[in-house]
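Biologist: I would like to go through some labels and ask what stands behind each one. Please set the values against the definitions.

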Amino acid sequence: MEDRVKRAMQKRQVLLLCLFLGVSWAGAEPRRYFVAEETERGTFLANLANDLGLGVGELSARGPRLVSDQDIRFLLLNPLTGDLLLNEKLDREELCGPTEPCLLPFQLLLEKPFQIFRAELCVRDINDHSPVFLDRVIPLKILENTTPGAAFLLERAQDSDVGTNNLRNYTISANAYFHINVHDSGEGNIYPELVLDRVLDREEVPELSLTLTALDGGSPPRSGTAMVRILILDINDNVPEFVQSLYKVQVPENSPVGSLIVTVSARDLDTGSNGEIVYAFFYATERILKTFQINSTTGHLYLKAELNYEEMQTYTLTIQAKDGGGLSGKCTVVVHVTDINDNPPELLMSSLTSSIAENSVETIVAVFRIRDKDSGNNAKMVCSIQDDLPFVLKPSVENFYTLVTERPLDRESRAEYNITITVTDLGTPRLKTEYQITVQISDVNDNAPAFTQTSYTLFIRENNSPALHIGSVSATDTDAGANAQVTYSLLPPQDPSLPLASLVSINADNGHLFALRALDFEALQAFEFLVGATDRGAPALSSQALVRVQVLDANDNAPFVLYPPQNGSAPCTELVPRAAEPGYLVSKVVAVDGDSGQNAWLSYQLLKATEPGLFGVWAHNGEVRTARLLSERDAAKHRLLLLVKDNGEPPRSASVTLHVLLVDGFSQPYLPLPEAAADAAQADPLTVYLVIALASVSSLFLFSVLAFVAGRLCRRSRAAWVGGCSVPEDHFPGHLVDVGGTGTLSQSYQYEVCLRGGSGTTSEVKFLKPIISNLQSQDTEKEEYPAFRNNLDF
């Protein structure tokens, strides 16, 4: 994490340094390179690597690129040598018109790191155009009474060249009446004036034809000629005069064709044809003639073609008012074209990165420039992107912008960004340009696999077949590609004693879990382990989930009868007084089942009895009770065969035999055993009863003490189930459960059994007294008959 932060800080410092260097280079004065127009293509201009102080290999490695606002690609850069070459012949008049100097700005863009180098190509003029008069014949009418010294403004020639190659002088062919004065307008333009030297005499010279020559300043100079045809007129002593000598108007560039610009007006005090005024353009360039037209009668000036502020901002028109006598007056109309916001901003993309890695800090996505051909507020621009994007625009010089990531990106949240760069000017109405770019976010392994559940519980029935599919775990990774490919594995168990490798296995590709061997519910009811999910990124990330496997019980254990004991050498005999009422509790059959659930729900059934109808057994708790009153005619000895059956599918069962002896009273000293009935008939009954009662009490007491000690020892250590207190597998499982309701025992009884294996012939069973007695009649009978109480108190 510290390395990542350190690398991010270093990238940010490099970016800031690059921006600082780019601003410092861009803020310096641009270098100027010179080339004469009409220079051949491929001409060497300069070596930019030397000018920048860079080696040739360094310039090529930094990714140089020439950027220009011009629609033509007039320059060519060799990135290997750094040579700047002319890409095509240049026509200065076509590129710049009358503007001098003719500068073609361009920028050298270095991408690695980002720098901007400003430069200008200055196109020098050559004398490749001769002065040209728009009219080859210039008509001129002069009154014969014109005073010498009068000056007549002539049409000037046009020269597309500039500077010293532009128009510099006018001459007139030799004659006796006129000479030429060159008049400077103060705006760099010169006009020829024909000056009268002597009085004209129409009768002597009615017409003169003179050659007007225009010379430029080139070396050698170029020239152009026009014929000045002068007609000598009779006297017309009033010339037209304009109301205003100068008209200034402002016209929006979106004015419709045919709209009225201005109306000029002139007056002539003469009458007749000498007072009739005709308006016309005087010294009108080809551009003016294409753009404006004037009504010769009314003086209305109309718009003939659309205006474009970006091409021409001011028009200066000279309008002449000429009367029928040939006299004229002039005025000047200055038309200022006002800008309207008719050009939307432009966005020129210099470099663009279409894919960036997530978690990147301050990465340059795009470098671009904006411009607007309008002026004033119409050319002021605002650049923006959507507010809900993690990118920011950083302005640079010369209207350059960089699009930079504002914060680390998260591909899992968003894998693609559609960025709209909006450039809006401040004109009225505002115009805008939208530029769409798409940035793809490449993935970085920054997300660990996530399980669909933090823990899984799976169920499997015991005695399963090996390689059984018991369930599945699933994890997803929000990364992409190899970073999202998940591999599953079993983690080392927290309990070292759990043989996990021999219990389950997992499919590494899909997370399927399999049981490797058959499970035994009575030996292992549940176990837990951890499953890991690891992606294939670099570095790999992982997570884990807890899996708990519950082993479901199968009915694979038959009921086991605890009481009456079935492994004794002598059967246990229950004593019942003949005076017992119906429902008298004779005994209780106690049985357990090593299974669980309904497989351990036991039911009791009387299969066979010595005297049917005398005794009955309760199906749910195993209590054997008398069904009717006893009589003297009932036999003294009874043998009952009972069936204990569980509720499994299929059910399992066990049988038990119960011996019952009917006695007249518990005070009888002799109670005959079933096996010695014949001997007992000959002996004294009272003596036999007393001996049997004493032996029974002593045996039960000794048995209870031994069972109590064994139970204490079994509780002290759980490991005792494996050692000194173990359970034979062929009898019943190593633990007993407390079954309530309709189970083996009623709610008021709790039994704990410990069988100690030794010689295999004797076992000790401990019965604890009931927590709550469920039959008060039993307590009453036990108090009345102590011997019977000792036999049933368990």
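Modeller: Ala46 has Leu84 in β5 as its bridge partner. The model is predicted, so local features need pLDDT of at least 70 and side-chain atom pairs pLDDT 80 or more, while totals for chains, interfaces and linings use all residues. Residues are numbered from 1 along each chain as its sequence is written, and side-chain values use heavy atoms, without hydrogens and water.

Biologist: Why are β2 and β4 called edge strands?

Modeller: The open sheet has the order β2-β5-β4, with antiparallel pairing. β2 (44-47) and β4 (75-77) each pair on one side only.

Biologist: Why is Asn359 called partly exposed?

Modeller: Buried means under 20% relative accessible area and exposed over 50%, with partly exposed in between (1.4 Å probe, protein chains only). Asn359 is at 26%, so it counts as partly exposed. Asn359 lies in the loop between β25 (355-357) and β26 (364-371), and has a positive phi of about 70 degrees although it is not a glycine.

Biologist: What makes Glu398 partly exposed?

Modeller: The relative accessible area of Glu398 is 27%, so Glu398 is partly exposed. Its phi is also positive, near 55 degrees.

Biologist: How do you know that the peptide bond from Thr428 to Pro429 is cis?

Modeller: Its omega is near -5 degrees. Most peptide bonds are trans.

How values were computed
Two strands pair if DSSP finds at least two bridges between them. Helices (H or I, at least four residues) and strands (E, at least two) are DSSP runs, numbered from the N terminus.
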